[in-house]
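Colleague: Could you take me through this model? I should like to begin with the loops and then turn to the helices.

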Amino acid sequence: YIRSDQRMQRTVRAHDSISRTLVRRSEGPRAVLDEIAGAAGEHLFAEWVVMGLFDGQLTSARPRFIALDADGKSFESESELPRAIRRELAAIKTGLSRPKAADDNTWVRVSMTLEGQPVGSLVVLHGLDAAPEPGDYSLLRILANQAAVALHTAEQYQSGLDLHRRAQQLYDEANAQARDLAARTSQLRQTEERLAAAHQRELLDSERHRIARELHDSVSQLVLSAGMSVEIARGDTVNLGEPAEKIALELARAKALTQRAVQQLSDAIYSLHHPVESDAPATLPDILAEMVTHYRPLLDATLTVEGGALPGHPVTDHELARIAGEALFNVASHAQATRVVVRLRNTRGRLVLSVADDGKGDPLTLRRLLRIESRAVSEASHRGLSNMATRAEGLGGTFTLRRSRLGGVQVTVTVPLDPREVAERSDIPEDHSSPEDHNNPETPSPEENR
């Protein structure tokens, strides 16, 4: 009866230790395992308590083993353990039920199970006067299973830490890739800006050379021919005597004017062939301003830009600049004009480019010529109107010819701001002028539109 009472008291204390282990789980697996080993040792008056995991089980769990002596001292290094205890620990690691050496009844061994599978062993070198009873084994199995659950929790916690570190590493790599992508995007944007600048310079060079070629091949030759005709007329006035002196004086003045015109044309041609280089990409207003400047030796040319900032696009700028260049060339070569007004407007989601002159052109005749050029199959000698209309249609816009308030012809091109938008002609409203437009010489009146 006394021995049974003593065992009962030890069992109660062991259960109290189990309750303490459940409370100490927040301190980590090491504290729980020390408490479990201490409870087992106290219950069996143990000289040594060894608890360890099989190799290959719960690989991330730490610690892999616990060893306590009779004084409750914990050992973390196998080299510090006695030979017999090291032998028991080696048997636990390999999954053996007991070491190969001779054994006695002072060793108690129970399995640590997790979900019905053994993952380790709890071994106690007891100091009881008699062999442990079944209740003692039951208590040790409870303690061993508590240790297995604690180690499994430790493994899950360690796996979570590993996943967290991996996630942090991936996050850092993603941030590095984002920074690298941002740097590459910036480089790409700079490259696009340089390409746009090169494209604009190519456009300007093309227009300069075309204008210079046309000025040299047509206008300069006509002015030189006019000067020669004036000189021949001056020679003929010599035989007319005194009444022709006034005529000769006017002819001399005309010759001087033709020489001055030829000099201005030469200067303009030289400027066109030797432009001032700039690294900044030219906008459409800049290109139009340069074109207008080059035609000023021949015409009273002005440029007006309205509607605030213009969202530049290389394709749209290129096509509109070519249209403006063709229109200005036609005015200088064929319209017999003295004044031209170029106007660029940003209105109602559209870009409106108009070139108006005070020449002798007839819009009705030009529209008829445009229809003929559009239907022509073979290459014609002059297809400027058809080319301008084709460029406007390629941008999803419209091309119109009407009477200008200056008295000549107004060429108007209306295109969408976004070059990807292909607007139908029916969706583009008529260019009704605002009250402010009555002061603009290139705005036609309703009668002139008809």
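**Loops, strands and helix packing**

Modeller: P63 is found in the loop between strand 1 (48–53) and strand 2 (65–69); helices (H or I, at least four residues) and strands (E, at least two) are DSSP runs, numbered from the N terminus. This is a predicted model, in which local features need pLDDT of at least 70 and side-chain atom pairs count only at pLDDT 80 or more, while totals for chains, interfaces and linings use all residues. Residues are numbered from 1 along each chain as its sequence is written, and side-chain values use heavy atoms, with hydrogens and water left out.

Colleague: Is the peptide bond from R62 to P63 cis or trans?

Modeller: The bond is cis, with omega near 5°.

Colleague: And what is the phi of L58?

Modeller: L58, a residue other than glycine, has a positive phi, near 45°. L58 also sits in the loop between strand 1 and strand 2.

Colleague: Is L58 buried or exposed?

Modeller: L58 is buried, with a relative accessible area of 9%. Buried means under 20% relative accessible area, exposed over 50%, and partly exposed in between (1.4 Å probe, protein chains only).

Colleague: What does S121 touch?

Modeller: S121 lies in strand 5 (residues 117–125) and is buried at 9% relative accessible area. Leaving aside residues up to four places away in sequence, S121 touches V50, M51, G52, F54, I92, V110, S111 and M112. Contact means heavy atoms within 4.5 Å.

Colleague: Now the helices. How many residues does helix 7 have?

Modeller: Helix 7 (residues 314–334) has 21 residues and reaches 30 Å from its first C-alpha to its last, close to the 30 Å expected at 1.5 Å a residue. The expected span is 1.5 Å times one less than the number of residues. Helix 7 is mostly covered, with 15 of its 21 residues buried.

Colleague: At what angle do helix 6 and helix 7 pack?

Modeller: Helix 6 (residues 284–295) and helix 7 pack at about 15°, with their axes 10 Å apart. Axes are lines fitted to C-alpha atoms, for helices over the stretch in contact, and angles run from 0 to 180 degrees between N-to-C directions. The two helices are therefore roughly parallel to each other. Angles under 35 degrees count as roughly parallel, over 145 as roughly antiparallel, 65 to 115 as roughly perpendicular and the rest as oblique.

Colleague: Which residues of helix 6 make the contact?

Modeller: L284, I287, L288, M291 and Y295 of helix 6 make the contact, together with residues of helix 7 including L320, A324 and L328.

Colleague: How do the axes of helix 7 and helix 9 cross?

Modeller: The axes of helix 7 and helix 9 (residues 384–394) come within 10 Å and cross at roughly 160°. That makes helix 7 roughly antiparallel to helix 9. Among the residues in contact are H318, R322 and E326 of helix 7 and M388 and R391 of helix 9.

Colleague: What follows helix 7?

Modeller: Helix 7 is followed by Q336, whose phi is positive, near 55°. Q336 is in the loop between helix 7 and strand 7 (339–347) and, at 61% relative accessibility, counts as exposed.

Colleague: Last topic: what pLDDT does the chain average?

Modeller: The chain averages 79, and 82% of the residues score at least 70; pLDDT is the predictor's confidence in each residue, from 0 to 100. Over residues 422–450 the pLDDT is below 50. Where pLDDT is low, the predicted coordinates should not be read in detail.
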